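Visitor: I'm new to this one, and I'd like someone to walk me through it.
Guide: Gladly; have a look at it, and then ask whatever comes to mind.

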Amino acid sequence: MILFCVNLFAFQDTFEKQVIKWPDNVYTEKKKMFVGFRKVIDFIVDDFNRDGIQDVAIMRLDRNIPFCVSVINTNDYKYVFEQLQLQSPEKYLESGGKPYFTALKGHPVYKYIIFRNENGYLVIDLFDYRLKQVNTIKTSINLPLNLNKKSVVVLSFVFIGDWNRDFVPDLIFGLSAGKIAKPRAVFCYDLITGKKIFRYDIAPMLGNSSLIDLNQDGLSEILFSTNGASDGDYFGPFARDSSYLAILKNDLSNKILWRFGGESSYLRYEIYDITGDGFSDIIAYGFSVIDKEKNPSKIVLIDGRTQEIIASYMDDIDILDIEIVNNGPGKIPSIWILDRNRKIVALEFDRIPGKFRYDKEIDAKGIYKLVQRDDINGDGIPEMFFLNRFVHSLDIVNNEARLLGRILISENSFNAKLEVLNTSTNKERHYFLLCYAPQGNQFYKIYLPVNKIFPETGVLFKNKSLLLLIMFFICIIALSIFTWTKRRNQFLSNVVKSEKIGFLLVDNKLRVRAYNQTFLELLQIKKNKIHKRNLDDLLADRASSLKSALNLFILGVRDYYFNEIHMNIQGQMRDVAMEFFRCHRNKKTTWIGMLFIDISEATQTERLKAWGALAQRMVHKTKTPLGTIMLSLQRLHKTYSKNMPEKIAELDTYLNPALQEVRRVRDQVNMFVKFANINNAEKVNRDLNHVINGLLENYKRHAPEGVKWKLELEETPLPVRVDEEQLTEAVINILDNAVTAVKGKGDIEISVNRETHPLHDYGNVDCASIEIIDNGVGMDRGKIEKLFTPGYTTSDHGSGMGMVIAKSIIEMHEGEIFIDSTENLGTTVYIRLPLVK
């Protein structure tokens, strides 16, 4: 295999080709301990019972239970929970040769997910952190009854994101089928309702995928690759027998970034800001299995800002894989690309003129794929574990492509999974290792001594007097450090007590040294996975705008930086203010401090306060003059009617428009009065069915006759605690918009239902939902995002306050409101209110 290392810091005009061989006398680790489970298929390391000690969930086959998940403690190997019994393995979708049981990121309740086949349909099971099944989504996706045949359906990718920007996490996944060719599609499901948001079918097989905002316009897009298939139908923009790198946009349109090869061709990619412009770039590569001469392997670099290819490389290479390697704080990473010829070739990338350059070769002796990264010696640059199918080992390699050591594994292992345990120290690293082999998988716990991999870190003292003297000075230094650390911690404790401000402190190697709970909650990071970790690794899957701002600050010379960004927090897009600052000692940076605060609610609250104050002033200054004008116009009309009846018709042509405008302004003033008095609610228990039925009967008396109404109520009472007058006002504002959207001639449907909370058994409160659907003109995404902005209106006669008031009333009742709309098809408004226990 070939590993191409693109070192972006080297800008040499001339160079000579070097050939480097790896030594044979490296340290070989043989000490393994078998945990005791046979036929292990997969495992996940996590603190499942929240006791601060890591556990391991092992998916395995057992003599007594055909297919189960066992959760054991990593210290004493005792069972943490009862075994989770599953159905037979052939019922579950595979990914990478094993049933797909994995952790989810981005949802407060759903932590693990598994996909299975139930009577020919895809069913999605969702689990909480204790591996207790808390929800099931039954889809209408057809699957073959037997997943073990060659027509197998595999899961290509799965992740969580707010696709339709309704502040509710959505589940996005891709399926690829074999000979049956269906389904090959990207799916998106609402995790609250379980309803399908979209299905996007494609002709070729799906590869890997990411949810990312490449151009940083605030709209997430699905970046995905496809592989050329040899069977199936031809349809759509993607040819069945070619590989693509493309973007699926929020309106389900697509943009093809690169096309490669034909049948049995493959395309993969990695994401990183290589060009240093603050936008994530794409390093993509393509290779063909059956037609290498016609379609030789190729590497391209796609600029994330312009989404255009800016560099490419194609030579005598046979690419297998690529990896992006961290070269340390402030340094641009390298690109490592694996080839099938058992050697490493290093490339360099020149920003000017923007080309890849061949540098050197290294004999890699059979490296096959990257399994894991771990900063073994704590220098902030993680080492890499590569599966070596020629030597039957995991090869430990540093960022300079130097072989540090090997862990011997099972012969003929075609895959491996390695997870780092938090019991690892700077003297010994601990791992769980699962080797996949035709003769049977093998599960181990590995103890790796650090001084064997980095022998230069150990010091042997033969002079005892010198050793005692050194220890004496070390004690003095340690006491000084302890005193300074205690004072620093007291200072930090005072700084970070706020529950609203997130705080993070890193050293000059970007290793985490201090933080508070608010920071962990803002960036959704577990406490046991942060201390002394490198910041680049910690933010590997966080918001690209945050990483870009941080990289610019680290590489720059400024001591202070402030900005506001838009980032995803627990499935919702939020406004976050951030401050970065440096601490110096002897003119060198020793610490970098960071402050984060979620200003979304504060911003909205300040806006509403400002509009409320404006409403009060507007009412005070306009209500009396409006009354005077209207009274004068009415008296003028009465006087003319009595004294000059022959002129009244001519006068009405002037007075009626004036009276209409005055009434319109008066109505808008009344709207501001209602907005200013929203908080003065008098809540009582009411049946939501009764409230909605009553207000609709009154509303229909004044509604246009061309509107067709349909009302569906829940059969059982829905007790809610509300201010009936205010809730009626909120719903009427929404109905007014619906009538305007159908232009007085259309269908408006209202349904009231009970929604059972997925964690109802845990004491969570159920909700009552109101769904208002019209078949009017609809709205695009831009209008929906502005709909709750005070003063924004799509109507010539609107005040721009109707939906703002509706949202404020519903949220004041501890409820939620969501909008879903499609141009020329209609709009749906969802309202959820908590039921009274």
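**A first conversation about the model**

Guide: One caution at the start is that this is a predicted model, and that pLDDT stays under 50 over residues 457-463, a stretch for which the model has three contacts beyond four places in sequence.

Visitor: What does the protein chain average in pLDDT?
Guide: The average is 77, and 76% of the residues score at least 70. Over residues 1-17, however, the pLDDT is below 50, although this stretch has 78 contacts in the model beyond near neighbours in sequence.

Visitor: Changing topic, where is D375 found?
Guide: D375 sits in the loop between β31 (367-374) and β32 (383-388).

Visitor: Which backbone nitrogen lies 3.0 Å from a polar atom of the D375 side chain?
Guide: The one belonging to G378, and the side chain of D375 also reaches the backbone nitrogen of D379, at 3.2 Å. Leaving aside neighbours within four places in sequence, D375 is in contact with G380, I381, P382, E383 and R429.

Visitor: What about the phi of L252?
Guide: Phi of L252 is near 70°, a positive value in a residue other than glycine, and most residues of that kind have a negative phi. L252 lies in the loop between β21 (243-248) and β22 (254-260).

Visitor: And Q307, buried or exposed?
Guide: Q307 counts as buried because its relative accessible area is 9%, under the 20% cut-off. Phi of Q307 is near 60°, also a positive value, and Q307 is placed in the loop between β25 (298-302) and β26 (309-313).

Notes
Residues are numbered from 1 along each chain as its sequence is written. This is a predicted model: local features need pLDDT of at least 70, side-chain atom pairs count only at pLDDT 80 or more; totals for chains, interfaces and linings use all residues. Side-chain values use heavy atoms; hydrogens and water are left out. pLDDT is the predictor's confidence in each residue, from 0 to 100. Contact means heavy atoms within 4.5 Å. Helices (H or I, at least four residues) and strands (E, at least two) are DSSP runs, numbered from the N terminus. A polar contact is a pair of N or O atoms within 3.5 Å; within protein, one must be able to donate a hydrogen and the other to accept it, and residues adjacent in sequence count only if both atoms are side-chain atoms. Buried means under 20% relative accessible area, exposed over 50%, partly exposed in between (1.4 Å probe, protein chains only).
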